[in-house]
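Me: I want to learn how to read a structure like this one. Can you take me through some features in turn?
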Amino acid sequence: MSFNKLTLKFLRYLLIGVLVVLAGFPVYWMAATALSLNSELYGTGQVVWPQPQNFPELMLELGQVPIGLWLFNTLLIAAGGTVLSLTLGSLAGYALSRFRFHGKGVVGFLLFMTQVVPEALILVPLYAMFITFGLLNSLTGLVLANVGFSLPVACFVLKGAMDAVPYEIEESAIIDNCPRFSVLTMIILPLIMPSIAAAAVVAFFAGWNEFLFASTFLMDRGNWPASVGLASFVGQYETPMSAVMGAALVFSLPAIVFFLLIQRKIVAGLTAGAVKG
Amino acid sequence: MSMRGSKLRNGTTRLVPYAFILPPMIYLMVFMFWPLARQMYMSLTNTRIINPNRGRFIGLGNYERLFEDPAFYLSLRATLVYAVLAVIFGVTLGVISALAIDRPFKGRTIVRAILLFGWAVPNVAASLIWLWMYNDRSGVFNRITEYLGIGRFGWLTSTDLALGAILAVTVWQVAPFVMLVVLAALQSVPHEVREAARIDGADGLNTFRAVTLPHIRPAVQLASLLVCVWSIRRFDIIYLLTGGGPVGTTSTLVVKIRQTAFEGHELGMASAYGAVGLVLALAIASVHYVVEQRRMKWMSR
């Protein structure tokens, strides 16, 4: 190996090392802070290395934060949004994948539009609408608002998967006069389970992470999801930073695990909508 | 089967697609497009938050006020600068990361996972982490700068630094996504082609320009568009880190919408900000649409 090649190799590993530090440090720091004592954080200086011996202390502090209730609300919001957007998304995906009909182009364009419109744009009208229908301060209202944005993504992911299923598979069932709805639920959906799982993860964590709607529509502390609850720590100093970081870590871990598991599928889903819209 | 029966069946068959597409579309009409239309109308009224369902029509009054307000231009400028810089830095770093880990090496899986952290962490958690790192007294950045003897900085409170501080968080979040999109495209570059270019005497940079870049260009374009759109939409990290401050240097349009509506209580005015945001989003979407159409044509040639 020539000297030149060796330097190149070294530079490449150096670059990878720098990137790993840049990308990984904030998450490392979140964990390290959670495991620190508050006397260190605000006084003597934070210890750079993680201190697992402080874990019991962290558990005690976390007990004073209603993180359990917040996560429960988050779970309800995320799960409700997932069910609703998968149901509606598979209907739309099947229609776009299998039929030609008047207005198909318009439907495609409208679905694409939803990916461009900032959530903040419909914040005020939804607020007014929810007052009228008594949906303000309710998890139901929040789910209904969230699904407007996660439904199209689910639709794109599922349509892409359905496009890959050959028509011959459903043909005989259709000739036998099987209702199209049963064709969808009994034949197509079982064949695209991996994509359904991917769409479910995307929709679930869209609801899990959502903050703007939740912080505007939910006034009652008992209804707060973790995103709003955690955000309430900003600018208040009663809760120790180690507890804040511990709660943030608990909130982040499921998202990290699932995003890493199905990274490629998520990317395919997010980009498909923008390309084929 | 009688003719009547088959005719009837044909008639209902034509309706079948609508049985599938209508429920989701009606849903979107109610919870997305009707609110959007209503927002456009609201921008022509003097609706206040005390009674959001009743406002007097005032024509272009809100827009007249908007275009005379220096805060509006500040907000528009912040939005555009933020979006453009997020695209430039986020895409550059994402492409560099993708190229760095494209070829296999020991520990690639774990490196790839760590590089995706910023993308996977929920926005609110990311905001809390970075708020802590930017903390005036005890944050890690100020501890480092103090140790280096250059003193402390008000990362989020100085008009010179705040936008950059927000951008750092944004880049941390979007670069991994760009990396994933570009990595997928890199896998479509035939290895033999690169090999052939190298044998023909092309050095690394030339191979990149002649072989790799054309392959990943569509992916980079798409990623840039998405990062741009997301930057215009992004609310949580800006709102939580700076709240639009200091002196409005980070108050993008969406932050302004929320503040005008729920802190200033002027829903009509907030909707006018929203209308400008919609125009901006549509402009970017149509640029993308045209580019995408042209690419399709080019590819089918």
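Below, we go from the whole of one chain to a single residue.

Reply: This is a predicted model: local features need pLDDT of at least 70, side-chain atom pairs count only at pLDDT 80 or more, and totals for chains, interfaces and linings use all residues. Residues are numbered from 1 along each chain as its sequence is written, chains are lettered from A in the order in which they are written, and side-chain values use heavy atoms, without hydrogens and water.

Me: How many helices and strands are there in chain B?

Reply: Helices (H or I, at least four residues) and strands (E, at least two) are DSSP runs, numbered from the N terminus. Chain B has 13 helices and zero strands.

Me: What does the radius of gyration say about chain B?

Reply: The radius is taken over C-alpha atoms; the globule rule is 2.2 Å times the number of residues to the power 0.38. For the 301 residues of chain B the rule gives 19 Å, but the radius is 25 Å, so the chain is more spread out than a compact globule. Its C-alpha trace spans about 75 × 65 × 30 Å along the principal axes.

Me: What share of chain B is buried?

Reply: Buried means under 20% relative accessible area, exposed over 50%, partly exposed in between (1.4 Å probe, protein chains only). In chain B, 52% of the 301 residues are buried.

Me: Where is A:Asn209, and which residues does it contact?

Reply: Contact means heavy atoms within 4.5 Å. A:Asn209 sits in helix α10 (residues 193-209) of chain A. Its relative accessibility is 17%, so A:Asn209 counts as buried. Leaving aside neighbours within four places in sequence, A:Asn209 contacts A:Ser227 and B:Pro122.
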